[in-house]
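Here is a short report on one protein chain. Keep the sequence and the 3D view open while reading.

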Amino acid sequence: MYQQMIFVNLCTRDLDASKKFFTQLGFAINEQFSDDTTASVVISDTIVVMVHTEDKYLQFTKKRVADSTTTSEVLLALSAESREKVDELVEKAVAAGGSVSGETQDHGFMYGRAFDDVDGHTFEVVWMDPAAVQG
């Protein structure tokens, strides 16, 4: 059965630092699709983050590359299976060199926090009560 995937392409100033950051979060690098200009970070079976050096990234766009430390180019949101898993991933990100982004959002049925990776890309991590999702 076909499963649609998403490939998020991000630009990095330091490919080795970015690879180290994501592996410290517990994600694997798919070496088959990685080289000295790109790291293929496997988030799940259907989500892959392709981290590119600026020269490589510019091969895919005619636009200027945003400075992700001062400009928001995208907000990425990842689901988590529990509140504890939200906190765990954010704490791993901080320990790996990232930083907390924004305030904790606690709405009872939904809990979320966010972090910026080593290049300033913002990742939101969100848990929703399955009972609330089913309506």
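The report covers a helix, a sheet, an aromatic cluster and a set of salt bridges.

## Basis

This is a predicted model. Residue numbers start from 1 along the chain.

## Helix α1

Start with helix α1, residues 15-24. Its buried residues are Leu15, Ser18, Phe21 and Phe22. Seen down the helix axis, these buried residues fall within an arc of 125°, so they line one face of α1. Asp16 and Lys20 sit on the other side of α1 and are exposed. An α-helix has 3.6 residues a turn, so residues three or four places apart point the same way.

What do the buried residues of α1 pack against? Their strand contacts are β1 (6-12), β3 (38-42), β4 (47-53), β8 (110-116) and β9 (122-128). They also pack against helix α3 (83-95).

Both ends of α1 have a local feature to check. At the start, a side-chain oxygen of Asp14 comes to within 3.2 Å of the backbone nitrogen of Asp16. Just after the helix, Gly26 adopts a positive phi of about 100°.

## The open sheet

An open sheet is built from 4 strands, in the order β1-β4-β3-β2, with mixed pairing. β1 and β2 (28-29) are the edge strands, and each pairs on one side only.

Take the pairings in turn. β1 runs parallel to β4, and 7 bridges join them. Asn9 stands opposite Met50 of β4. β4 also pairs with β3, in the antiparallel sense, over 5 bridges. Here Val41 stands opposite Val49 in β4. A hairpin of 4 residues joins β3 to β4. β2 and β3 run antiparallel and share 2 bridges. Ala28 has Val42 of β3 as its bridge partner.

Is β3 enclosed or open? Of its 5 residues, 4 are buried, so β3 is largely enclosed by the rest of the structure.

## Aromatic cluster

The structure holds 4 aromatic pairs. In one of them, the ring centres of Phe21 and Phe115 are 6.1 Å apart and the planes stand at 55°, so the pair is tilted. Phe21 belongs to helix α1 and Phe115 to strand β8, so the pair ties together parts that are 94 residues apart in sequence. Phe21 and Phe115 are both buried.

Phe115 also pairs with Phe123. Their ring centres are 5.4 Å apart and their planes lie at 10°, so this pair is stacked. The relative accessible area is 1% for Phe115 and 3% for Phe123. Phe123 is therefore buried, as the cut-off is under 20%. Together, Phe21, Phe22, Phe115 and Phe123 form one aromatic cluster.

A search of the whole structure finds 6 salt bridges. One of them joins the side chains of Asp119 and Arg13, at 3.8 Å from N to O. Asp119 is in the loop between β8 and β9, and Arg13 is in the loop between β1 and α1, so the pair ties together parts that are 106 residues apart in sequence. Arg13 is exposed, with a relative accessible area of 57%.

Asp87 forms a salt bridge with Arg113, and their closest N and O atoms are 3.0 Å apart. This pair links distant parts of the chain: Asp87 lies in helix α3 and Arg113 in strand β8, 26 residues apart. Asp87 is partly exposed at 25% relative accessibility. Arg113 counts as buried at 14%.

Salt bridges that share partners join Lys85, Glu88 and Lys92 into one network. Within it, the side chains of Glu88 and Lys85 meet at 3.7 Å, N to O. Both residues lie in helix α3, 3 residues apart, about one turn of the helix. Glu88 is partly exposed, with a relative accessible area of 36%. Lys85 is also partly exposed, at 36%.

Key: This is a predicted model: local features need pLDDT of at least 70, side-chain atom pairs count only at pLDDT 80 or more; totals for chains, interfaces and linings use all residues. Side-chain values use heavy atoms; hydrogens and water are left out. Buried means under 20% relative accessible area, exposed over 50%, partly exposed in between (1.4 Å probe, protein chains only). The arc is that of the directions from the helix axis to the C-beta atoms. Contact means heavy atoms within 4.5 Å. A polar contact is a pair of N or O atoms within 3.5 Å; within protein, one must be able to donate a hydrogen and the other to accept it, and residues adjacent in sequence count only if both atoms are side-chain atoms. Two strands pair if DSSP finds at least two bridges between them. Rings of Phe, Tyr and Trp (its six-membered ring) pair if their centres lie within 6.5 Å; planes under 30 degrees apart count as stacked, over 60 as edge-to-face and the rest as tilted. A salt bridge is a side-chain nitrogen of Lys or Arg within 4 Å of a carboxyl oxygen of Asp or Glu.
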